Amino acid sequence: MIAPYEDSTTAGEPAPEASPGPYPDPAGPDSSEAGVEPGAEAEQHAWDSRRDLYRHSPGIMLGHSAQLGGSLVGGDQHGVSGGQVTGDVILGGSKVEYRIGGDEEEHSGEIRAAEVEKIARNFVFPPGTGSEREAVAQDDAWEPGSPFGLALARLREHRVAVLSGPATTGRRAAALMLRRAVGSTAYRALDPALSPGRLAGELRDGCGHLVHDFPTSAEQPLREHHLRALSEKLGAAGSHLVIVVGSHPVVHGDAGHVPWRPPEPSALLHGHLRHKDLAGHSIGTLLALPEVRAVLKHRRPPAELAVFADRIAAHAQGLLPLTGLASFGHDAAERQVRAWFDSTEQTLHDKAFLIALATFNEAPYPLTAELGDVLFGLLQRIENPGEPARIPVFGTSSAQRVEHAQADRYLETEETEWGPVLQTKVQFRDPLTAITLLREVWTGHPSARPALVAWLRRLADDPRPVVRTRAASTAAALAHADLPSAMALLIRPWAFESRLRARLAAANALALAHHLGTPHVPRVLREWCTADDHRLRRAAVRTYALVGDAFAAEAVEALLAAVRAMEARGGPVRRWPGELDELAQSASAVLLAAGQNAGAWEAGGAAAELWPALVPLTRGGQGRDFVLRTVVHACGPVDGAGGRPLLLDLFGRAEATAGTAGALLRQSLAALWRMVLKDPQYSASGLEAMRDWVRAAGDDPDAERALAELLPLLAVSVEDTKRLLYLLENLRGGTDPGPPAVALRLRGALSPPPAP
């Protein structure tokens, strides 16, 4: 039997000195080098660690979309809970200036008609309940159910309309078009610093008025009598007024406000392109370009799409290559992030929340807010060491915080150890924002590094798996931006930690850094895998389990080199008695992951090459133990909860025709199985794994077929046949006292060979 290994690091090897953190060690003063972490779970199987890494990592970290430098980002935009947009406001988008002066001070200014007509040229009216279509700025040309139609109806009836929405959704342009639609030819902008009661005194005859970014709050609401007084004064003056407010205004009365919803990005872009010189290219052809579709996949502010339309026109005219279109999303994300951190209007608390959101993008909002406050406390110690951090318990609402960050809230079911749970999650609208923001903080604001490092070290020791994984994914993003610093401050110290969670954070960070395209990760793993310090070896071995399938042959060869080095040392070190078992676990994870790829069993495929190469290593020594342990560990993982065993699935998918790579793979797997069943140390584990396979085949015809083909290859002698027949005849499952039906059917696949 293979004994379960434990985390048994003992004292004797000092870990590198960690920077003092602002919080006490959550494990307590007596936990270091104790062998097993106080209050921690047993170390995960390598395949389980791999599963958790992929489950809790943000989507952009994985796959080809993780490569930075362009806007081609995989994944679909999540829907917004309740069908309502709750994001897309730039922090500091609203600026209110209070001035002290007499009544002679001017509180309005002219908006030139040429500016309004320029906006009208490209303006696209959003669809209502009907299908999306374009509309021109003519009377009643838009759909009546659209936000524009609702606001226009109120403006015509009451001469005043309140339009609400985030700052980057084109609400100001919509307000100008509303006034134009009711026939205004003169336009004036009113001072938003005026109180609601003073707006009526600034109205002029025959004008369309605009109050942009008008602040409302519980202390200063826009009340019903204010709107009625404005309506009365506007009617007498033959004028109109549109008041533009934020997404969560305090407006009393029956009239209320109309939430503004912009058109779809494709419609907006079409509206900007229809009047440009496209050198004979059709708009449909240009919108179908992959580089353009990648930008349109995610909602973007209309102002950004206007800039993007200029780039598309330049490309159509031959002035800009496709790479210029592909880089647009990344450039836009960089501009937005720099605007956030260069702004002096934002508090340190706001910026801490942005960093936390970048770390926990696509994660539950309460988690983001909670740990953002922790980061704020650490940053406060750097900025004002003598002043304690003051966190408002009931400050800005969650909707406003998400809105300020140009993000969306949505409902999504998340798998937990207790089952699926519905969570309110939050994500940046632009998927490139998170990684861009982390890189900007790490490389552009190095004074924040001590707080960020202390924060990530705290997260890496959190009991919640998603928090630990996000600490690692953030470290991976930082390593992609600055590998030497991230290795020195985060990843190597984690690898030297005595705690299991920290070591796993190092492995996860290296694995995700490789997914992001960070150079030299395979080289780091090769060096660590045979290093003198067992802690570095341990981190490298677990990292191979997480990411080794990306370079499977190199990973298996490195693990074999570690086995040979261990044999040369005379066996595993006292501080890591389970070294051989962890090496085998990682090898099994690499082989299983490589075998899941389409065509892995074909000639040149990873599985077709690697599994047969293990057979000659079973002649003796540590190499034999390593291979047999690898086979036993590879028998356990299944495809989903209660699914088909992955190794059995690989055998079943491989081609059986003699002389093919698939046939060689099947013969090699059968040979390894026979060695496991005949070895006194591993036969019990092998038989138990076979029982699990038979039970799993009860409701899976393909698995049963694969077993029916495998069992005869294992019964090459009378003793082999007797052993397998005994297993099938005495297998029990459920409440039935006899063997399950699948076992009886598989028994028919076995027949005793003729007597010698």
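Mentor: Strands here are DSSP runs of E of at least two residues, helices are runs of H or I of at least four residues, and both are numbered from the N terminus. The model is a predicted one, in which local features need pLDDT of at least 70 and side-chain atom pairs count only at pLDDT 80 or more, while totals for chains, interfaces and linings use all residues. Residues are numbered from 1 along each chain as its sequence is written, and side-chain values use heavy atoms, with hydrogens and water left out.

Trainee: What is the order of the strands in the open sheet?

Mentor: The six strands have the order β1-β3-β4-β5-β2-β6, and the pairing is mixed. Strands β1 (108-111) and β6 are at the edges with a single partner strand each, so one side of each has no neighbour in the sheet. Strand β4 (residues 208-211) runs parallel to β5, joined by four bridges. His209 stands opposite Leu241 in β5.

Trainee: Which way do the residues of β2 point?

Mentor: In a regular strand the side chains alternate between the two faces of the sheet. In β2, Val160, Val162 and Ser164 point one way, and Ala161 and Leu163 point the other way. Buried means under 20% relative accessible area, exposed means over 50%, and partly exposed lies in between, with a 1.4 Å probe and protein chains only. Five of the five residues of β2 are buried, so this strand is largely enclosed by the rest of the structure.

Trainee: How many residues of helix α4 are buried?

Mentor: Eight of the eleven residues of α4 (residues 171-181) are buried, so this helix too is largely enclosed by the rest of the structure. Among them are Arg171, Leu176 and Arg179. After α4 comes Gly183, whose phi is positive, near 100 degrees.

Trainee: Where does a positive phi occur in a residue other than glycine?

Mentor: One case is Ala279, with phi near 55 degrees, in the loop between α6 (265-273) and α7 (283-287). Ala279 is partly exposed, at 45% relative accessibility. His520 is another residue other than glycine with a positive phi, near 75 degrees. His520 belongs to the loop between α19 (500-515) and α20 (521-529), and its relative accessible area of 48% makes it partly exposed.

Trainee: Is Leu357 buried or exposed, and which residues does it touch?

Mentor: Leu357, in helix α12 (residues 348-359), is buried at 0% relative accessibility. A contact means heavy atoms within 4.5 Å. Not counting residues up to four places away in sequence, Leu357 touches Thr368, Ala405, Ala407, Val426 and Phe428. Leu357 and Leu438 are 81 residues apart in sequence, and their C-alpha atoms are 10.0 Å apart.

Trainee: How many residues are in the largest nonpolar core?

Mentor: In soluble globular proteins, nonpolar side chains tend to be buried together. A nonpolar core is a set of buried Ala, Val, Leu, Ile, Met, Phe, Trp, Tyr and Cys residues joined through side-chain atoms within 4.5 Å. The largest one has 155 residues, and Trp528 is one of those with the most contacts inside it. Helix α23 (residues 579-595) gives the most to this core, with ten residues. Another core, of 24 residues, lies apart from it and includes Leu163, Leu178, Val182 and Leu210.

Trainee: What share of the residues of the protein counts as buried?

Mentor: Of the 756 residues, 53% count as buried. The protein has 31 helices and nine strands.

Key:
Two strands pair if DSSP finds at least two bridges between them.
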